Amino acid sequence: MNRRATIACLTGAGTAPELMAEAVVALTAVGRLHGLRVEEVHVPFGGVAVARAGQAVPAATRAAILGADAVLVAGAEEPALDDVTTELDVRARVTRVRFGRRDDVALVTAVDERTGEWALEQAFRLAERRTVRLSSIGDPSWLELTEFVHAAHDDVRVEHLTPRVALPMAAFDASRFDVIAVAPGWAEAVIEIVAAPATARVAAHGLLAEHGPSLFVPSADGGYALAGHGVVNPSSIMLAAAMMLEHGLHAPAAGATLAGAVSAALVDGPQTPDLLRLGVGATSREFTSRVLAGFQLSFANAEFWPGAA
């Protein structure tokens, strides 16, 4: 049975309008495939909103955010993003990194010390939807809190790692991990290492709220030089959209279809200029078209296809 969900689309300056356009195309297509109608409410924020309304986060933007089921942002470098997150009941941050055809690591951390237990609960629930494995990285107090939450999720196999042991693993063998619950003090270092630029690697982020909408954002692309040329790589915002489907709209199958197709396009699809050393790069829309064409292989009911994600 079809169902509907409303998302607030916050579009900043630079390459953000082009990125949001590609994300909307992908969301519409994957929603149709999975019986989910995504209704978008497009509102400006940041520099664009200042130019139009004199405020970085106008009242109409705030209303759209609070009235949505989830929030998708294009414009990770907009300073106004901090103003947006203060409107939300954010408790945890999840970063997802995909590389190669199927390698997929999810990193979960608390936004502060007060929300550690809630964040770990989300990490364990995520592990139960994936491979029932969780790695906890942090100091003794974080590892102790992990064990406390683990008592309610004894089906999950947990390994405890100190940062000294975990950081080399993250740098040289990231694919050994599945879900990582990392203490706030070490989160940035671990995320930076796992998400370090490499061939066919893409990362995106989600800020999970206990009450109200959660927010999802691509990695910052430094993207003003490419603005207006139609060649920006949309893989990160598509992965952010996939995370939004899973965590924000409770449509994990649709999220898996989109994330798998993004990975396949990065490995075998047309390469945008940022992925090429020589030659003529593909346009953003050509990349998106390849992602949509890959749905037949990443769709949950198509595991029998060779190379299914």
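The model is predicted, so local features need pLDDT of at least 70 and side-chain atom pairs count only at pLDDT 80 or more, while totals for chains, interfaces and linings use all residues. Residues are numbered from 1 along each chain as its sequence is written, and side-chain values use heavy atoms, with hydrogens and water left out.

Helices (H or I, at least four residues) and strands (E, at least two) are DSSP runs, numbered from the N terminus. Buried means under 20% relative accessible area, exposed over 50%, and partly exposed in between (1.4 Å probe, protein chains only).

Helix α8 spans residues 184-194, and its residues A187, V190, I191 and V194 are buried. These residues lie on the same side of α8 because they cover an arc of only 100 degrees around the axis, the arc being that of the directions from the helix axis to the C-beta atoms. The exposed residues G185 and E192 are carried by the face turned away from the buried side of α8. The cover over the buried residues of α8 includes β4 (90-99), β5 (103-110), β6 (133-137), α7 (163-172), β8 (179-182) and β9 (201-209).

T146 belongs to helix α6 (residues 140-150). T146 counts as buried because its relative accessibility is 0%. Contact means heavy atoms within 4.5 Å. Residues up to four places away in sequence not counted, T146 touches L120, F124, L134, S136, V158 and H160.

S263 is located in helix α10 (residues 252-268). With 2% relative accessibility, S263 also counts as buried. Apart from neighbours within four places in sequence, S263 is in contact with R98, G100 and R101.
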